[in-house]
Amino acid sequence: MNALASKPDETLRVLLVEDVPADAELTLDALRDDGIACQARCVETEADYVEALEAFAPDIVLSDMGLPVFDGYQALRLLRQRDALTPFIFVSGAMGEEVAVQALHQGATDYILKDNTVRLTAAVRRAVNEAREQRARLRAEEELIRAQRFESLALLAGGLSHDLRNLLQPLLLAADTLDDYADDPRLVRLGEVIRNCGHRGLEMVSSMLTFARGAKRTERVRVDALFDALSLLLKGSVPRTVTLRMERGAEDGLSLDGNHTELQQCLLNLALNAIQAMPDGGQLTFSAHACDLSADFFRASEDAVPGRFVCLDVTDTGQGMAPDVLQHLFQPFFTTKDMGTGLGLVSCRRIVEGHGGVLRVRSAPGQGTCFHLYLPLAVGSTQHVTEQAAGGHGEHVLVVDENATQLSLLAGTLTSAGYVVRACNSGTAALQSLAIDGLPQLLVMDAAMSLVTGVRTLAALLAADYAGSVLFLTDPEAPPSLDELPPLKHFSLLDKPVEVGGLLHAVGHALDMARQNPA
């Protein structure tokens, strides 16, 4: 197949190792006469050859066997030390069969005699196409390996998420319990420290898990949670010479409807670009505020949807960008970095536009850069308020959990809130408790028990005529399958790790629903 000739705008970079200009011109004429567009460079010394390999980056090397100051075999060795795929064809004078075989064994792609260049163009086409196909295969294999690594990472992250949520569960319950000792400021401060650490750990687990799995769901995204997760991810990437600031503004509770993972990826990409733009240090600032955008704010190429927006700003004090760079900033594959792909900012704009927003950038040489992300404000976006949960009035609650520490804290929390609690450390113990102490009004159970799972325990309890409310404590990333259970009238899930307020609200709601709609 004449693949090279089928693309007239494609130019083949040919490096000639030749000391006779007439021979070099004859070789190039043979290629051009057969429809191969060439950009050529001719060298005859080792120093010029090495420099051409780096600067010219040839698609193919055509080399004479022997030169006055250089050797074709040395040229082949130097190429193979750098690149195993770039074709190397000897185009030489008399070459015996033994010499030709030796050349192929040392890594040459082919050999052509100067006095018989009939198959030169065919050999060049075949060599270049085979090299391209091999590179494409290697890229595909690398992508497959990368995908398999991400799949393994997702599985690992899922297991870690479950284990860490169980570790954080008693931590958060214990922190809330310390609030009961309001007369001891030291215990109150300790509870606050434990609670903050628990929340940061939970946010880190959620952020890493969604990154690993590449979640694509639409959800209510709180700006403060987005900034908290981003701060955790950047802790290991921000050099000491760069100051990181997170400014939430006076408006608390800003939120938007979108995908947390994609927005986090977008902000992280902008942050890493900003860090690279401050090699001598500086300040990286994230800020957020609500604003109203009118129809005349939007450009002709944008969908004009005036209304209330969240503006996320990513500002650095780095080198800034010249007008000609700004003009091409969002063009695919345009980059000013040595190792850049030119796709990062394109991806950022795609994410913003996919959320119904627009992206703006302001920059000048020596004055830093600021990216403005305008995203539609979620309807009903208000400050988050935690209501005071009501206590119990002697209702009977059965708590089932294999983790002794978690079981003790759950039972202690509910007992302190006015419930009559029975605690069981396994599904078997729960069944025995029903036979001895009778049926409770509410069952609170960890869904992910290992010996007898929560679902199987519940199935056995239902078979023993339990008809009360059920509250499952679950990992939100791995909810239990309820296929083997009959329809449940009073069943609810509570994500782990739970806090005292959330637990008491869920317990009170489950009991209220059972009282209002008895089975």
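**A helix pair, and the cysteines**

Modeller: Helix 7, covering residues 223–234, packs with helix 8, covering residues 260–276, at an angle of about 50 degrees and with 10 Å between their axes (helices are DSSP runs of H or I, at least four residues, numbered from the N terminus; axes are lines fitted to C-alpha atoms over the stretch in contact, with angles from 0 to 180 degrees between N-to-C directions). Helix 7 is therefore oblique to helix 8, a class left over once under 35, 65 to 115 and over 145 degrees are set aside. The model is predicted, so local features need pLDDT of at least 70 and side-chain atom pairs 80 or more, while totals for chains, interfaces and linings use all residues. Residues are numbered from 1 along each chain as its sequence is written, and side-chain values use heavy atoms, without hydrogens or water.

On the helix 7 side, A225, L226, F227, A229, L230, L233 and L234 meet H260, L263, Q264, L267, L268, A271 and L272 of helix 8, contact being heavy atoms within 4.5 Å. By class, this contact has 12 nonpolar, two polar and no charged residues.

As for disulfides, a search of the whole structure finds zero, the criterion being two cysteine sulfur atoms within 2.5 Å. The sulfur of C291 has its closest cysteine sulfur in C311, 5.3 Å away and so too far for a bond. For C370 the closest cysteine sulfur is also in C311, at 7.4 Å, which is again too far. Both C291, at 14% relative accessibility, and C370, at 2%, count as buried, because that word means under 20% relative accessible area with a 1.4 Å probe and protein chains only.

Methods. Buried means under 20% relative accessible area, exposed over 50%, partly exposed in between (1.4 Å probe, protein chains only). Helices (H or I, at least four residues) and strands (E, at least two) are DSSP runs, numbered from the N terminus. Ala, Val, Leu, Ile, Met, Phe, Trp, Tyr, Cys and Pro count as nonpolar, Asp, Glu, Lys and Arg as charged, and the others, Gly among them, as polar.
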